[in-house]
Protein chains: 2
Amino acid sequence: MSPDAQTPPTPQPPPTPTVWRRGASFQEMWRDLLPVGRSPGGGYRRHAWTSADAECRAWFREQAEARGLTYEVDRNGNQWAWLGDEEAGDAVVTGSHLDSVPDGGAFDGPLGVVSAFAALDELHERGTRPVRPLAVVNFCDEEGARFGPACVGSRLATGALTAEQARALRDADGVTLPEAMERAGHDPDAIGADPRRLARVGAFVELHVEQGRFLAEAPGDHPVGVASAIWPHGRWRFDFHGEANHAGTTRLEDRRDPMLTYANTVLAARKKARLAGALATFGKVAVEPNGVNAIASLVRGWLDSRAPDEETLAAVVAEVERAAVERGARDGVRVTVVRESFAPVVEFDHALRDRLAARLGGAPVLPTGAGHDAGVLSAVVPTAMLHVRNPTGVSHSPAETATEDDCAAGVRALVAVLEDLACR
Amino acid sequence: MSPDAQTPPTPQPPPTPTVWRRGASFQEMWRDLLPVGRSPGGGYRRHAWTSADAECRAWFREQAEARGLTYEVDRNGNQWAWLGDEEAGDAVVTGSHLDSVPDGGAFDGPLGVVSAFAALDELHERGTRPVRPLAVVNFCDEEGARFGPACVGSRLATGALTAEQARALRDADGVTLPEAMERAGHDPDAIGADPRRLARVGAFVELHVEQGRFLAEAPGDHPVGVASAIWPHGRWRFDFHGEANHAGTTRLEDRRDPMLTYANTVLAARKKARLAGALATFGKVAVEPNGVNAIASLVRGWLDSRAPDEETLAAVVAEVERAAVERGARDGVRVTVVRESFAPVVEFDHALRDRLAARLGGAPVLPTGAGHDAGVLSAVVPTAMLHVRNPTGVSHSPAETATEDDCAAGVRALVAVLEDLACR
């Protein structure tokens, strides 16, 4: 056939690498990761491009190489471990992230990466031969704990975050993202959209510990569920501008105390969210001058809000803002609101979602309020998520958990999905 | 007379030093101090034993030496400038402090020190010869901005703060007070109660910018007032213990969000204080983990409260605590309260107060909600305070101010008081 022929070449299954072998067991991998970046209080601080992150990344590379997989780091720092020809296209990719929120738990992220390697081992054990390339991925800086925006690795790859925007990010110490990457040994010059690499991916499946109690409370016994959608969500910074003054000498009626307006807004946000069936949280605050005997001049509070649909979300945020401005007028406090980030609703690929749910014998389908790399990738790749039951429902805390049995069920579900998608 | 004689020696007026001379004018002194420790935002950060503080202290020493006064630093780091025999006893001392709160104003503290030197110059100009020793003092670490407790220099001297307690103090970077003193060139080994030095003081008069609008709003035109009392006041740390969780996935009804309890307590404190004619302020907050998408596990808020009498103060704080605990029960949040400091009511020496008010032609007598070195010293020395009118009423902020005319009136008042007490 001449190179000019219009007929596309018949797809060939990639050669299974002769060196493909089993790696460490789920339990061994879990044990290896467990101490990395754990603070004395038990929470994890695996923030992007720190030494704890570097240890996680070194671990990923070891897992890839121990299994004879082809290891690569893409231009944005995401790590890939390929079984089969990574250039062949139509690959089935699974994985998650290894970084954490401040004082996060052990499961959010790592469960998806460890389960992915364990699922590959199980396929190997069964003698299953993939007919599509398979890869395990670790997306970097999913939590945004250090530089602010979440899903930096995946959003850079899809172009949802531009290289220019990423270069302007700074951590609390003023270190820029490029500086942090460089110090960690990653060349920051090449960051940016990576359409060629994403075009190789035919399907992405992220396994994640559930961040609520949907599965724990669902009738029947369901260790694993399939995600339907990610709620639209965003972050708004509320600045309450008052006047610094002496807490011991300023009459109440002479005050312009922004702490009062902030406090009222916190309570208003909860109420508005409850009435709308949405979520609203103030979890981060910064106060100036933050002195015990000083009335604050500025209170800055960040609202995280999410809702089943974008209209509801917009309405809740508008009502919280209105309540803040109204109370501010009484307190002599000026309120300004800036939307720092927004993610529209993500509907996962329906065909893929239904195929997974069917393959898993009618697993429950559940929505999620949390953003994920899977949500980012769904804009350009058919994407699905598996959730593993979390009995506490707690997340972003050392209290998040999943039983050993449920983790094993998660791996079995991922094996079934990979067999279905890549091996037949 | 033999050294063993029981009859005390007849007090002799101290010799006026032949070298006593005028120093820089009020305006020149003010201009010299103005840039020291000023942040780009215009607020002052002259925290104890920092380089900005060292500059202030060097300035004090220069002023003392330029006037031919005897300069000394006491064991606790307080600076003294003596006119006459510092050992003679029954001295009249005036002064204040040079350190600041975070982003404080230019007047709180320095006005009293600069006015003291200017008043001495005016006495010199008039050819007035003091018959009692006179001193200007700069008490160190009045604001407690770095190590927490206020009035460290004066409280160490009176024994209200023990050396052991002071040695345990640490700043936000973990530097202990002794380490900070040592780095600034002051030997910390000798800190502690200094009764011999305080026994030399027959009266202490502190001039201070008013930290409210009593004088500005008083009928008539009163640039200067005399303090009657310092309200009892204290600091209470409220810890709200909830549960960290994911802001995007945790149902409202599953949350134990301490930010809600904190917010409700802020509003309750304001209300309880208003009803009782007291003051209550939450101006400092610390949140863990303080992430935008994390429900807080811990919110720590500091309550500053003051009232005309101790019973009212205790009742207000008890009511705020009760409101916090009640709301905490609804939110699933445990509340603990620790009293971090407490200062009982200070009634300034009535004879001295009345003498000053009369000498100043019936100056208004006003209470203050703020603690001062004068309040600390009043436990062991007859003590009085002069307040200079502050048209904004603002304090602990760059917006605190006094007009040039009112500052001059303050110096004249201090001259009149020193003449009255020390020169006749």
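Analyst: The model is a predicted one. In it, the side chains of Ser96(B) and Glu206(B) are joined by a polar contact of 2.7 Å.

User: Which backbone oxygen does the side chain of Ser96(B) reach?
Analyst: Ser96(B) belongs to strand 3 of chain B, residues 91-96. Beyond four places in sequence, Ser96(B) touches residues including Val137(B), His208(B) and Asp373(B). At 3.5 Å, its side chain reaches the backbone oxygen of Gly109(B).

User: Where in chain B is Phe147(B) found, and how far is its C-alpha from that of Ala168(B)?
Analyst: Phe147(B) is located in the loop between strand 4 (134-138) and helix 4 (152-158) of chain B. Its relative accessible area is 6%, so Phe147(B) counts as buried. Leaving aside neighbours within four places in sequence, its contacts include Trp49(B), Leu169(B) and Val175(B). Phe147(B) and Ala168(B) are 21 residues apart in sequence, and their C-alpha atoms are separated by 9.7 Å.

User: How many aromatic pairs are there over all chains, and what is the angle between the planes of Phe238(A) and Phe240(A)?
Analyst: Over all chains, the count comes to 24 aromatic pairs. The pair of Phe238(A) and Phe240(A) is stacked, with 6.2 Å from centre to centre and planes at 25°.

User: Why is the pair of Phe238(A) and Phe282(A) edge-to-face, and which parts of chain A does this pair tie together?
Analyst: Planes over 60 degrees apart count as edge-to-face. The ring centres of Phe238(A) and Phe282(A) are 5.7 Å apart and the planes stand at 80°, so this pair is edge-to-face. Because Phe238(A) lies in strand 7 and Phe282(A) in strand 9 of chain A, the pair ties together parts that are 44 residues apart in sequence.

User: What are the relative accessibility values of Phe238(A), Phe240(A) and Phe282(A)?
Analyst: Phe238(A) is buried at 0%, and Phe240(A) is buried at 0%. Phe282(A) is also buried, and its value is 2%.

User: Which residues are linked into a cluster by ring pairs?
Analyst: Chain A holds a cluster of this kind. Its members, linked by ring pairs, are Trp59(A), Phe60(A), Tyr71(A) and Phe117(A).

User: How much area do chain A and chain B bury between them, and which residues of chain A lose the most area to chain B?
Analyst: The two chains bury about 5,100 Å² between them, 58% of it on carbon and sulfur atoms. On the side of chain A, 14% of what is buried comes together from the residues that lose the most area, namely Leu252(A), Arg270(A) and Val292(A).

User: How many salt bridges and residue pairs in polar contact are found between chain A and chain B?
Analyst: Four salt bridges cross the interface. Asp254(B) and Arg213(A) meet in a salt bridge with an N to O distance of 3.1 Å. The residue pairs in polar contact between the two chains number 18.

User: Which element of chain A supplies the largest share of the side that touches chain B?
Analyst: The contact takes 59 residues from chain A and 59 residues from chain B. The residues on the side of chain A divide into 25 nonpolar, 19 polar and 15 charged. The largest share, ten residues, comes from helix 9 of chain A.

Note on methods. Residues are numbered from 1 along each chain as its sequence is written. Chains are lettered from A and ligands numbered from 1 in the order in which they are written. This is a predicted model: local features need pLDDT of at least 70, side-chain atom pairs count only at pLDDT 80 or more; totals for chains, interfaces and linings use all residues. Side-chain values use heavy atoms; hydrogens and water are left out. Contact means heavy atoms within 4.5 Å. Buried area is the accessible area (1.4 Å probe) that two parts lose on being put together, summed over both. A salt bridge is a side-chain nitrogen of Lys or Arg within 4 Å of a carboxyl oxygen of Asp or Glu. A polar contact is a pair of N or O atoms within 3.5 Å; within protein, one must be able to donate a hydrogen and the other to accept it, and residues adjacent in sequence count only if both atoms are side-chain atoms. Helices (H or I, at least four residues) and strands (E, at least two) are DSSP runs, numbered from the N terminus. Ala, Val, Leu, Ile, Met, Phe, Trp, Tyr, Cys and Pro count as nonpolar, Asp, Glu, Lys and Arg as charged, and the others, Gly among them, as polar. Rings of Phe, Tyr and Trp (its six-membered ring) pair if their centres lie within 6.5 Å; planes under 30 degrees apart count as stacked, over 60 as edge-to-face and the rest as tilted. Buried means under 20% relative accessible area, exposed over 50%, partly exposed in between (1.4 Å probe, protein chains only).
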